[in-house]
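Please read the points below with the model open beside you, and look up each place as it is named. The note moves from whole chains to their contacts and ends with single residues.

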Amino acid sequence: MSLDLKYTYTEKKDTRSGFGDGFLEAGRRNPKVVGLCADLIGSLKMGDFQKEFPDRFFQTGIAEANMIGLAAGMALGGKIPFAGTFANFATGRVYDQIRQSVAYSDKNVKICASHAGLTLGEDGATHQILEDLGMMKMLPHMTVINPCDYNQTKAATLAIAEFEGPVYLRFGRPSWPVFTPADQKFEIGKAWKMIDGRDVTIFATGHLVWEAVVAEAILREEGIRAEVINIHTIKPLDTEAILESVKKTGCAVSAEEHQLNGGLGDSIAQTLIRHNPAPLEYVGVNDSFGESGTPTQLLEKYGLNAENIVKAAKRAMARK
Amino acid sequence: MKKQSLPELQKICSQLRRDVLRMVHAVQSGHPGAPLGCAEYFVALYFDQLHHNPDFQMNGKGEDLFFLSNGHLSAGWYSVLARSGYFPVEELKTFRKLNSRLQGHPATHEHLPGIRIASGSLGQGLSVALGVAQTKKLEKDSSVVHVLMGDGELQEGQVWEAAMYAAHYGMDNVIATVDYNGQQIDGPTEKIMDLKNLKAKWEAFGWEVIETKEGNDLASVIAGLEKAKSLTGKGKPILNLLYTEMGYGVDFMVGTHKWHGSPPNDEQLALALGQLEETLGDY
């Protein structure tokens with residue numbers, strides 16, 4: 001069976017490479033951009049920047065707390081630091097440093113977090129952080145961005161370089177469909193309606209935007225018209241776009257590679273409950289750690305794929 | 001700023017101590033002990049050593065900078081900032097009160113001139129100072145970055161991450177001073193978590209270490225900071241072990257952790273102020 005997908009792809013690439021290429025480009029555009037990495041330059045794809053701008057790149061060794069402090073210092077000195085490591089070490093390990101030296105102090109630091117979520121794969125739960133969006137969105141002053149593919153991650157990286165203020169940029173490791181255009185304009189805080197619908201809205205972020213695109217095609221075969229909205233910016237949340245869509249469709253699904261507690265779904269629920277109470281079903285990890293496996297196996301086992309989005313959409317519609 | 005004579009600077013130390021005591025007394029909260037012990041350091045730095053600009057600019061380009069990593073010394077820092085012209089001395093009376101720029105621990109979002117980053121959660125200031133120092137190196141800015149840490153604060157692991165970085169990158173434009181008073185909030189550092197041989201520790205981490213044995217003697221503190229300055233630009237970060245006495249300047253407060261985080265009552269304040277000359281006018 002071949003699905004009639006509204007978005008297609010010709011290649012798969014990792015979102016971290018979108019970050020790496022965007023970071024290099026940002027460095028070329030603006031000499032104030034500097035980089036820091038805690039012994040994961042290869043994994044974060046920061047090597048090309050380091051090679052081209054060796055004086056503007058700082059290997060910090062395995063010392064993430066110091067890296068965040070250094071970045072805050074560089075920012076107050078007028079630089080635009082991009083500090084990269086795995087999402088686990090970029091958030092939970094250094095929450096207090098981010099809280100005091102970056103967020104509370106309102107420093108223009110870009111926290112660049114790779115290998116987020118289950119799709120990190122075989123390394124297992126120690127590295128598969130599923131709480132990072134929640135931790136970061138709770139911090140006042142923090143902007144939280146979770147793009148969906150290589151192209152969007154590259155565009156987001158360029159956009160945050162031009163944005164003044166602390167940012168958490170989350171991306172990942174797996175090879176993933178590249179289905180958004182290379183020339184897209186990335187607007188921080190502006191949700192992107194990718195597919196128009198009328199029966200149910202799917203709000204997806206990160207890798208699960210692709211699963212939402214697949215789910216929409218499955219639902220359409222059954223006569224259900226789902227609207228797909230790409231929430232690349234978790235905070236500030238585009239509540240206007242959310243409310244406008246749910247006003248039309250009357251119910252929604254949130255889909256994210258993250259814990260249900262504190263994730264995108266929570267933010268959407270908060271918006272709906274205040275302004276337009278409507279059925280909302282969640283696709284995400286339900287209060288559990290991950291484990292080793294391939295990305296596809298893990299998304300299936302933890303219920304984060306297109307099939308689960310389809311089921312959630314039907315549940316939501318049944319509650320209308 | 002025109003340099004002042006030693007007796008003039010001593011007068012400022014006395015006033016700073018009065019300010020600190022009156023500030024923590026007024027709100028019955030705050031940390032008097034350590035700032036009393038660091039009065040000479042603060043005054044030597046702001047009135048003698050730093051090439052700085054009280055017309056505050058966040059990025060500090062072309063200026064010597066100071067970061068207070070042990071943010072609970074805020075009362076002392078606010079006093080020296082006000083007394084050196086960063087903001088009106090009158091404003092000291094708002095310390096720790098609602099809607100004040102003088103937060104319990106230093107913060108930036110109230111835009112108090114002189115403060116470049118929040119501190120209070122310990123162990124973070126050296127990293128921040130190194131980040132700015134790295135920026136200065138990139139921009140061929142030859143000014144110096146100072147940071148003050150508590151000795152108890154050195155129990156935080158991040159300090160040693162930063163220490164390693166500083167030596168690796170030859171951060172010879174950084175002068176880190178440790179307020180070596182041997183006290184922390186729960187008691188003497190020796191009992192709480194022994195710091196052992198700090199000089200050897202920092203040297204082993206690749207730092208140039210100097211010792212200022214008389215940290216409450218103004219001339220010694222200035223001489224120590226001058227020596228530290230003379231060692232900048234030689235490829236190694238500089239650590240100034242400043243031997244101070246917590247609570248110095250008030251006979252019943254000196255040398256004990258008891259006044260680390262406790263304010264004096266009315267009677268104790270009067271007694272303490274009786275030992276400290278009002279030299280520049282109380283706020």
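1. Chain B has 283 residues and a radius of gyration of 17 Å, which agrees with the value near 19 Å that a compact globule of that length would have. The radius of gyration is taken over C-alpha atoms, and the globule rule used for comparison is 2.2 Å times the number of residues to the power 0.38. The C-alpha trace of chain B spans about 50 × 45 × 35 Å along its principal axes, and chain B contains ten helices and seven strands. Helices (H or I, at least four residues) and strands (E, at least two) are DSSP runs, numbered from the N terminus.

2. Before going further, please note that this is a predicted model, in which local features need pLDDT of at least 70 and side-chain atom pairs count only at pLDDT 80 or more, while totals for chains, interfaces and linings use all residues. Residues are numbered from 1 along each chain as its sequence is written, chains are lettered from A and ligands numbered from 1 in the order in which they are written, and side-chain values use heavy atoms, with hydrogens and water left out.

3. In chain A the secondary structure comes to 13 helices and 14 strands. The radius of gyration of chain A is 19 Å, close to the 20 Å that the globule rule gives for 320 residues, so chain A is as compact as a globular protein of that length. Taken along the principal axes, the C-alpha atoms of chain A fill a box of roughly 60 × 40 × 35 Å.

4. Chain A is assigned domain 1 (12-177) and domain 2 (192-318), the bounds coming from an automatic or database domain assignment. The C-alpha centres of these two domains of chain A lie 25 Å apart. Their contact, meaning heavy atoms within 4.5 Å, takes 33 residues from domain 1 and 34 residues from domain 2 of chain A.

5. How much area is buried between domain 1 and domain 2 of chain A? The value is about 2600 Å², of which carbon and sulfur atoms give 59%; buried area is the accessible area (1.4 Å probe) that two parts lose on being put together, summed over both. On the domain 1 side, A:L118, A:L130 and A:K137 lose the most area to domain 2 of chain A, together 26% of what that side buries.

6. Between the two domains of chain A there are 24 residue pairs in polar contact (both at pLDDT 80 or more). A polar contact is a pair of N or O atoms within 3.5 Å; within protein, one must be able to donate a hydrogen and the other to accept it, and residues adjacent in sequence count only if both atoms are side-chain atoms. The side of domain 1 of chain A that touches domain 2 receives two or more residues from each of α7 (132-138), β6 (143-145) and β8 (175-177) of chain A, and α7(A) gives the most, with four residues.

7. The contact between the chains takes 25 residues from chain A and 30 residues from chain B, and the area buried there is about 2300 Å², with carbon and sulfur atoms giving 56%. Of the area that chain A buries against chain B, A:L76, A:Q100 and A:Y104 supply 28%, more than any other three residues.

8. Which residues form a salt bridge between chain A and chain B? A:K79 pairs with B:E139, the closest N and O atoms being 3.1 Å apart, and the count between these chains is one salt bridge. The term means a side-chain nitrogen of Lys or Arg within 4 Å of a carboxyl oxygen of Asp or Glu.

9. Another salt bridge joins the side chains of A:E222 and A:K314 (2.7 Å, N to O). This pair links distant parts of the chain, 92 residues apart, with A:E222 in the loop between α9 (208-221) and β11 (226-230) of chain A and A:K314 in helix α13 (residues 306-318) of chain A.

10. Finally, two backbone details deserve a check. The peptide bond from A:K235 to A:P236 is cis, with omega near 0 degrees, and A:P236 is in the loop between β12 (233-235) and α10 (239-249) of chain A. A:K45, in the loop between α2 (41-44) and α3 (47-52) of chain A, has a positive phi, near 60 degrees, in a residue other than glycine.
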